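Here is a short briefing for a reader new to this structure. It goes from single loops to sheets and then to helices.

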Amino acid sequence: MPKPHRTLSSAATHAAALPGSFRALPAWTYRSAELMQLEYEHLILPSWQFACHISQVKCAGDYVTLDLMRDSIIIMRGKDDVVRAFKNVCRHRGARLLDGSGTCKGTIVCPYHGWSYGLAGNLRALPAAKTFPGIDLAQFSLSEVELEVFHGLVFVRLIAGGPSVAEIWGDLSRLLAPFRLEELELADHGIQTQVWNCNWKVAVDNNLENYHVPVGHPGYDRLLDLDPADLITEHGVYGTVATLKAAPSVNPTERYYQQLAPEVLTGLDSKTRRTWLFFTMPPNLGFDIYPDCIDLYQVLPRTAETCSVRWPIFKPKDERREAKAVRYLNLRINRQVGNEDKELCERVQSGLNSHRFVQGPLSLMEVALKDFHDRIAERIPFVRDPAPPADFAPRQAAE
């Protein structure tokens with residue numbers, strides 16, 4: 001997305017840009033298959049997408065694949081200890097090369113015709129090479145994809161260019177440092193994926209505001225004090241700092257977590273043990289940073305009215321019984337929150353299908369949602385139109 005002229009600010013400061021009559025994107029933008037294709041091309045492909053944690057590719061040949069809507073990417077550590085990303089496509093006839101995650105001992109071999117590639121992506125050999133007269137193997141290496149490691153988290157970007165992940169996060173990066181994310185590893189429950197019956201933007205919108213928390217997430221309301229000074233960086237990273245409440249929750253799971261986390265998680269400073277961080281990085285990534293683990297909330301378009309929610313969970317290398325207990329309590333709390341979010345988002349999608357529904361005004365607590373919609377409109381200006389264009393062809397997204 002283009003860099004807007006905005007600086008790190010609190011929601012209160014940023015709220016001046018929110019007229020009382022400002023509304024979310026029109027309902028049709030959450031139902032249009034044609035628009036979803038443009039969003040994939042002009043929002044998802046040029047953006048940084050979370051791929052894996054660096055610990056998942058710790059040895060030469062270790063790989064993870066990331067599947068987007070039409071694209072698949074291999075993240076692999078080479079024999080030279082460099083982590084690279086490639087399009088998961090053989091340069092011969094386009095066959096998919098690898099699935100899931102695992103280890104390649106020395107070569108990546110295409111399952112179709114046997115073209116073989118080194119761990120650095122170079123084409124090493126092909127069967128019946130004499131039938132390709134004059135072929136230059138160096139011209140047919142795997143297509144490399146832009147990659148960046150940020151606090152141990154590996155990101156890839158299919159269309160290169162624009163600010164780095166570190167630049168996008170800016171000063172907010174300092175809030176991540178005490179949690180030592182680079183030391184984490186994939187949790188036992190690993191990577192969860194769900195299909196939600198809503199447009200991908202509905203799920204992202206939901207992650208961009210705390211206005212719904214008291215009603216939609218009573219557990220969070222009992223457990224956490226949310227800092228009202230939410231932050232928005234110039235590149236649209238939105239953050240909320242939450243602190244465990246001193247007053248014990250009436251819910252046993254929440255109350256035990258309040259008690260155990262500050263006592264057990266002694267590898268972190270006393271403030272960090274009581275802090276939960278929530279971030280959204282445009283256009284489709286959420287980060288839930290807890291002292292006992294983290295999860296990433298990656299929303300990927302599936303159809304106009306469904307999306308895939310990819311939910312990897314990473315934990316510290318702390319196998320003490322009491323540390324596992326804290327993680328278990330967290331899982332119970334946040335599994336409930338995830339179920340609530342899914343139901344809420346699907347309710348919104350159902351309502352957006354109502355005949356001639358018009359969005360109501362946004363709250364000052366929904367400033368980040370406005371910012372997100374502004375960024376979409378910068379790339380696809382007609383999303384602000386009250387009705388879909390009769391023909392998308394002559395009205396392509398802004399370059």
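His-151 sits in the loop between β10 (144-150) and β11 (153-157). Its phi is positive, about 55°, although His-151 is not a glycine. The model is predicted, so local features need pLDDT of at least 70 and side-chain atom pairs count only at pLDDT 80 or more, while totals for chains, interfaces and linings use all residues. Residues are numbered from 1 along each chain as its sequence is written, and side-chain values use heavy atoms, with hydrogens and water left out. Helices (H or I, at least four residues) and strands (E, at least two) are DSSP runs, numbered from the N terminus.

- Most residues other than glycine have a negative phi, and most peptide bonds are trans.
- Asp-81 is a residue other than glycine with a positive phi, near 75°.
- Asp-81 is found in the loop between β4 and β5.
- Asp-81 is exposed, with a relative accessible area of 52%. Exposed means over 50% relative accessible area, buried means under 20%, and partly exposed lies in between (1.4 Å probe, protein chains only).
- Pro-282 and Pro-283 are joined by a cis peptide bond, with omega about 5°.
- Pro-283 lies in the loop between β16 (275-281) and β17 (285-289).

**The seven-stranded sheet**

- Strands of a sheet pair through backbone hydrogen bonds, either parallel or antiparallel.
- Seven strands make an open sheet in the order β2-β11-β10-β5-β4-β3-β6, and the pairing is antiparallel. Two strands pair if DSSP finds at least two bridges between them.
- β2 (49-53) and β6 (101-103) stand at the edges. Each has a single partner strand, so one side of each is left without a neighbour in the sheet.
- From one strand to the next, the twist averages 30°.

- β4 (residues 72-77) and β5 (residues 83-87) run antiparallel and are joined by five bridges.
- The two strands β4 and β5 form a hairpin with five residues between them. Asp-81 is in the turn.
- Ile-73 has Lys-87 of β5 as its bridge partner.
- Ile-75 stands opposite Ala-85 in β5.
- Ala-85 also stands opposite Val-145 in β10.
- β5 and β10 pair over two bridges, in the antiparallel sense.
- β5 is mostly covered, with four of its five residues buried.

**The three-stranded sheet**

- A three-stranded open sheet has the order β7-β8-β9, with antiparallel pairing.
- Its edges are β7 (107-109) and β9 (123-125). Each has a single partner strand, so one side of each is left without a neighbour in the sheet.
- The twist in this sheet averages 40° from one strand to the next.
- β8 (residues 116-118) pairs with β9 over two bridges, in the antiparallel sense.
- Tyr-117 has Leu-123 of β9 as its bridge partner.

**Helix α10**

- α10 (residues 367-379) has 13 residues.
- From first C-alpha to last, α10 reaches 19 Å, close to the 18 Å expected at 1.5 Å a residue. The expected span of a helix is 1.5 Å times one less than its number of residues.
- α10 is mostly covered, since 12 of its 13 residues are buried.
- The buried residues of α10 include Val-367, Leu-369, Phe-372 and Ile-376. Among them are also Lys-370, Asp-371, Asp-374 and Arg-375.

**Where α5 meets α9**

- Two packed helices are described by the angle between their axes and the distance between the axes.
- The axes of α5 (residues 200-207) and α9 (residues 321-352) come within 9 Å and cross at roughly 125°. Axes are lines fitted to C-alpha atoms, for helices over the stretch in contact, and angles run from 0 to 180 degrees between N-to-C directions.
- That makes α5 oblique to α9. Angles under 35 degrees count as roughly parallel, over 145 as roughly antiparallel, 65 to 115 as roughly perpendicular and the rest as oblique.
- On the α5 side, the contact is made by Val-202, Ala-203 and Asn-206. On the α9 side, Asp-341, Cys-345, Val-348, Gln-349 and Leu-352 take part. Contact means heavy atoms within 4.5 Å.

**Leu-45**

- Leu-45 is found in the loop between α2 (33-44) and β2.
- Leu-45 is buried, with a relative accessible area of 12%.
- Leaving aside neighbours within four places in sequence, Leu-45 is in contact with Tyr-40, Asp-71, Arg-157, Leu-158 and Ile-159.
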